[in-house]
Every structure is written in structure tokens, then in C-alpha cells.
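Take a look at the chain below. Then follow the walk from the whole fold down to single residues.

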Amino acid sequence: MAQHPVGIFENFTDIGNPKNVGSTQYDESSQTYTIKGSGYNIWFNRDEFQFAYKKVSGDFILTANFEFIGDTAGTVGHRKIGWMIRESTDEGAASWNACRHIDGLVVLQWRPFRGMFMRDPEDEIFAPKKGGEIIQLERIGKKVTMRIAHPGEPLQTVGSEEISGGKDTVLAGIYICSHDSNTLAQARMWNVRIDKPVFHEYSSNPHVVAPRETDVLGCRLEILNVFDGTRKVIHESTGRFEAPNWMPDGKKLLFNENGSLYKISIEGGTPEKLNTGDVDHNNNDHGISFDGKMLAISSHRQGLPGGGSTVYILPLEGGSPKLITEKTPSYWHGWAPNGKEVAFVGMRDSKVYNLYKISVNGGAEIPLTSNTSGHVDGPEYSPDGKYIYYNANPTGTMQIWRMKPDGTGKEQITFDQYHNWFPHISPDGKWMVFISFPMDIDPNSHPSYKSVMLRLMPLNGIGGPRVIAYLFGGQGTINAPSWSPDSKRIAFVSNSGK
């Protein structure tokens with residue numbers, strides 16, 4: 001079969017020779033797919049539909065936004081789109097299908113062996129929820145799981161099915177079936193991601209990555225419009241980079257990789273190393289002062305307590321860093337709007353992390369919390385200087401809190417079952433973005449390589465958090481402030497193996 005690469009997929013083709021020829025197109029500028037297809041059905045012992053796919057082995061997570069487009073008047077209610085795992089392009093191949101129908105029906109269906117009839121309706125898994133723009137299909141080991149969500153919602157599980165037998169290498173991709181041989185259906189797919197996960201243990205120190213295996217997943221640098229949810233990958237690497245900041249000119253991002261800091265255009269291209277002198281063990285806690293002139297970094301000094309992370313400041317254009325925190329470990333997280341103080345998290349005699357602030361001109365560090373258990377992290381000033389936002393877990397789950405800059409008036413901001421970390425406040429002071437980890441992690445840690453969410457919450461109005469991105473990531477995704485100067489976009493890092 002001739003190969004027709006399209007976007008991240010290796011090929012697209014009609015399965016089962018439908019009456020009307022289908023197609024898949026990719027718009028590189030928006031990273032969006034438009035798929036057209038006919039076909040009598042995806043059912044019984046043979047299928048007809050349009051399929052864009054790539055070969056994938058092992059564990060994987062498929063996630064995308066889907067919508068029907070074009071003339072939908074008079075369509076058959078079971079016109080369907082979604083993700084599919086298929087053992088071959090044979091019309092009767094074994095397959096596992098995450099289906100969303102145009103009438104709102106949501107179902108996980110499967111054909112366990114080639115040539116078998118699709119499982120009877122009693123064996124399918126139907127969701128009580130109707131519709132849903134975001135569809136996820138995951139294979140971990142021998143288990144296939146479907147999830148779905150409307151925009152802003154956490155993903156909700158439709159169901160899972162254990163695979164008996166089956167090939168390790170399969171075809172995974174997006175599809176459309178008109179459920180009517182005489183017509184072509186159309187749909188649009190965006191935020192299309194095929195993630196290859198790896199699962200790591202995590203150390204007792206929430207700031208140190210301690211993988212159980214040697215695997216290090218590749219990284220994608222992504223830009224997200226927080227109001228419409230569209231994402232764009234601008235840079236990828238098989239190595240590890242982390243925590244983008246948005247530069248004041250709005251045209252470049254700053255991130256850390258292998259102990260150094262790099263700038264890159266928001267359109268992509270070759271990263272440019274930033275000069276930080278002999279301070280060259282930089283981690284993912286770095287950020288730019290409100291006036292756009294100074295950069296705070298955290299870098300490790302060998303042989304000192306807790307890994308020796310130390311806060312420095314330097315001109316944003318680069319130069320010789322000035323040491324700010326003599327005691328270690330200290331991890332920068334926030335500039336005061338007046339540029340005279342920085343907030344950081346550090347471990348001192350209590351053997352747990354607490355929050356501090358210190359003048360950039362020297363002097364004693366000032367404790368903002370005095371906990372003897374649990375964990376606090378991510379202190380960040382609001383643009384008006386009235387609050388410091390942070391995350392803490394005195395209730396047993398990590399939640400977002402805020403306090404006055406002198407450490408008084410502590411109040412909880414989020415109240416849910418997730419572990420919420422790293423609040424970042426938009427430059428206009430109206431919005432907060434943070435990362436939400438699943439419920440099954442240690443509430444003191446923010447591990448790498450987890451299925452996480454980025455959520456958006458208004459600060460000066462009604463409404464709770466809503467999901468703006470579903471991704472595989474965690475540590476290094478959004479540890480540092482990453483809003484665009486116009487308060488419309490954020491940058492973040494997601495992870496995936498090849």
C-alpha cells in the first residue's frame with residue numbers, strides 16, 4: 001500500500017473500499033487535521049471508513065479534540081468519529097474503537113480477532129454522558145481504556161477492556177465513518193497527541209527527579225491559547241528540557257536544559273544559549289522581573305545541603321549572576337512587583353520545605369511559613385503585589401492558597417480531589433493557571449511522567465477551575481511563570497517517548 005504521510009501519521013487510507021473515496025489533510029500552521037470519509041459502518045465482521053494512522057508498540061495514550069463539520073443535515077445518527085487501535089488495514093482486522101456518534105452516543109467497542117463480528121451491544125461499553133469534544137484512548141499493558149470530556153471538564157472514563165491475545169505493534173489513529181455509503185462525512189481534529197508513556201518512581205525530595213528506570217522521555221515545547229484551548233508544538237527534543245518563561249517582548253521563550261538556559265522564538269527554530277557565566281547547573285525554577293530587566297535563576301552548588309540549589313539574579317540579557325541565598329536548598333519562584341524582593345522555597349532546620357522572601361540587595365531571609373510537616377511550594381506574587389499565591393497540603397491534598405506578602409491572612413483557593421501545584425497569575429491579574437496531578441500520587445511530590453491537566457481559574461469573578469489542556473508530563477511542565485505578556489497564552493512542556 002502506498003504511504004501518504006500526513007502530520008504525525010504515517011499514512012491515511014480508506015478501509016474496506018467504501019463507495020466514496022475519503023481523504024485526510026493537515027494544516028501545519030494550525031496543526032489541525034480535516035478528515036473526510038464514507039463507509040456503510042464500523043461493525044459486523046467488516047468495516048468501511050477513512051483512517052489516518054501510525055504504527056505504535058507498547059503502551060500509548062491517544063488524545064485529541066474532535067468535531068463534525070460541513071453539512072450535517074439529514075445525517076444518519078450513527079455517523080462516527082474518534083480514535084482507533086487496529087491490528088492491520090484489513091477490513092475485518094481486530095480493533096478497539098473509541099466512538100463518538102453525531103447523535104451524541106458515546107461507546108467503546110471492539111472486535112477481538114480478525115473476521116469476528118463486532119461484540120454484541122450487550123458487550124459494548126456505553127457512556128451515560130452524551131457527546132464530548134475531547135476523546136482519549138489508552139493502551140497500558142493489555143488494557144484499553146476510553147475517556148471523554150466536554151471542553152473544560154476533567155476526562156471521564158467510559159470504560160476499559162482487557163485484550164486477550166493481540167499484537168504488540170498496532171495501527172493507532174483517527175477515523176471517520178459516514179454510516180451511509182452514498183455520502184461523505186467531514187470532521188476536524190486538533191490538539192492531536194500520541195504519547196508514549198514511561199512510569200517512574202519518585203524520590204522523597206519533591207524537587208529531585210529519581211527515575212526507577214533509565215528512560216528519559218522526549219519533550220515538546222507547546223504554546224496554548226488559554227481561552228480556546230488550541231495548542232501548537234514549536235520545539236521537540238529526545239532529551240529533557242523544562243519550564244518555559246515568556247520573554248517580555250512576546251516573541252521568545254526561555255527554558256532550561258542540561259544545566260543551561262536557552263532562548264527560542266515562539267515560531268520555533270534553533271535555541272540560543274543564554275550566558276549565565278560560571279553558574280551552569282541551573283534547574284527549572286527561573287523567571288523574569290516584572291519590569292523585564294532582571295532574571296532570577298536557581299542553580300546547584302556541589303557539596304551543599306539538599307543538593308545545593310541557590311537563588312541568583314542577573315540581567316535578562318545575560319551576564320555574571322549575583323548570589324542571593326547563601327543557605328541551601330533554595331528554589332526561586334517569584335519576583336515582587338517592585339523588583340526589590342524574591343520569594344522562594346527552602347529547607348532549613350525543620351527538615352521540611354517552607355516559604356521565604358529575601359531582599360535582592362542582601363540581608364536576612366524572612367520566613368513566610370513555619371511548617372513542621374507537609375509541603376509548600378511555588379510562591380508567586382500577584383501583579384498588584386497584594387498576595388503571594390502558592391500550593392500547600394495541610395488538608396491532605398495539595399491545593400492552591402494565597403497570603404499577604406508578610407505571610408499573614410493565609411486562605412485556601414482551590415477545593416477538589418486533585419493535587420494542584422504551581423499557581424501562575426496572568427500579567428493582567430485576572431487569571432490563574434496551575435497544574436493538577438492525579439489523586440494517586442504522594443501529595444508531597446510533583447512527579448514526572450503522569451497524566452496531568454492544566455487548569456484555568458478566574459481571580460476576580462465567579463467560576464471554578466476549568467481544564468485547558470490534557471497532557472503527559474508533570475515535573476518541568478509549568479514549574480516557572482509562563483504567561484504571554486498579553487495574558488492570552490501560556491507555554492509549557494509535555495513529554496512522550498518516540
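Start with contacts (heavy atoms within 4.5 Å). Among those in the protein chain between residues at least 6 apart in sequence, 53% join residues at least 24 apart. The model is predicted: local features need pLDDT of at least 70, side-chain atom pairs count only at pLDDT 80 or more, and totals for chains, interfaces and linings use all residues. Residues are numbered from 1 along each chain as its sequence is written, and side-chain values use heavy atoms, with hydrogens and water left out.

Now the overall build. The protein chain has 39 strands and 0 helices. Both are DSSP runs numbered from the N terminus: helices are H or I with at least four residues, strands are E with at least two. The radius of gyration is 24 Å, close to the 23 Å that the globule rule gives for 498 residues, so the chain is as compact as a globular protein of that length. This radius is taken over C-alpha atoms, and the rule is 2.2 Å times the number of residues to the power 0.38. Of the 498 residues, 57% count as buried. Buried means under 20% relative accessible area, with a 1.4 Å probe and protein chains only.

Next, go inside. Nonpolar side chains tend to be buried together in soluble globular proteins. A nonpolar core is a set of buried Ala, Val, Leu, Ile, Met, Phe, Trp, Tyr and Cys residues joined through side-chain atoms within 4.5 Å. The largest one here has 39 residues. Among those with the most contacts inside it are Phe 9, Trp 83 and Leu 137. Leu 137 touches residues including Phe 60, Trp 96 and Met 146. A second, separate core has 19 residues, including Leu 224 and Val 452.

Turn to strand E12 (residues 134–140). Of its 7 residues, 6 are buried, so E12 is largely enclosed by the rest of the structure. Strands pair if DSSP finds at least two bridges between them. E12 pairs with strand E7 (residues 60–69) in the antiparallel sense over 6 bridges. There, Ala 64 stands opposite Ile 135. E12 is also joined to strand E13 (residues 143–149), again antiparallel, by 7 bridges. Their hairpin has 2 residues between the strands, and Gly 141 takes a positive phi near 65°.

Finish with an open sheet of 4 strands. Its order is E35-E36-E37-E38, with antiparallel pairing. E35 (419–425) and E38 (466–473) are the edge strands, each pairing on one side only. Val 452 has Leu 471 in E38 as its bridge partner.

Technical notes:
Buried < 20%, exposed > 50% of the residue type's maximum accessible area, 1.4 Å probe, protein only. Lists of a residue's contacts leave out its neighbours within four places in sequence.
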